[in-house]
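Student: I would like to learn how to read a helix and its surroundings. Where do we begin?

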Amino acid sequence: DETVEDDRTQHSARDGGGLMVDGGLRIASTINGGGEKGTKLWVRTVGGLLGGFVSSIIMHPLDVVNTRFQVQDGKVSHIPKYRSTPHALVTIARVEGVRSLYSGLMPNLIG
């Protein structure tokens with residue numbers, strides 16, 4: 001019995017990886033730069049930094065709402081009671097201003 005190795009496996013091992021799907025279609029590998037020349041380290045670094053920065057800016061208001069839900073106990077009268085996440089977002093923005101949704105953002109971006 002002679003063992004025949006699949007072309008897709010040989011191709012994948014030869015050029016540093018990638019996900020192979022039916023028909024030999026190769027999805028670019030992000031781990032090794034995706035090919036012979038690859039992607040420069042600084043390009044991947046800047047891309048990672050920008051991705052983290054943008055996701056922090058987009059998701060931070062939800063972190064603020066999450067914190068507000070955690071400290072909401074119903075006993076303190078000057079803190080509004082939030083019914084849902086959208087209600088909390090609107091109430092915080094209306095009562096305290098939109099900037100309050102981003103309170104604590106700078107330490108999040110630095111760390």
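Tutor: With a term: contact means heavy atoms within 4.5 Å. Helices are DSSP runs (H or I, at least four residues), numbered from the N terminus. This is a predicted model, where local features need pLDDT of at least 70, side-chain atom pairs count only at pLDDT 80 or more, and totals for chains, interfaces and linings use all residues. Residues are numbered from 1 along each chain as its sequence is written, and side-chain values use heavy atoms, with hydrogens and water left out.

Student: What covers the buried residues of H2?

Tutor: Buried means under 20% relative accessible area, exposed over 50%, partly exposed in between (1.4 Å probe, protein chains only). In H2, Ser56, His60, Pro61, Val64 and Val65 are buried. Their cover includes helix H3 (85–96) and helix H4 (105–110).

Student: Where does H2 bend?

Tutor: A bend is the angle between axes fitted to the seven residues ending at a residue and the seven starting there. H2 bends by about 45° at methionine 59. Proline 61 follows within four residues.

Student: How many salt bridges does the structure hold?

Tutor: Side chains of opposite charge can pair when their charged atoms come close. The criterion is a side-chain nitrogen of Lys or Arg within 4 Å of a carboxyl oxygen of Asp or Glu. The structure holds one salt bridge. Arginine 68 pairs with glutamate 96, their closest N and O atoms being 2.8 Å apart. That pair links distant parts of the chain: arginine 68 is in helix H2 and glutamate 96 in helix H3, 28 residues apart.

Student: Is arginine 68 buried or partly exposed?

Tutor: Arginine 68 is partly exposed, because its relative accessible area is 21%. Glutamate 96 is also partly exposed, at 40%.

Definitions and conventions. Helices (H or I, at least four residues) and strands (E, at least two) are DSSP runs, numbered from the N terminus.
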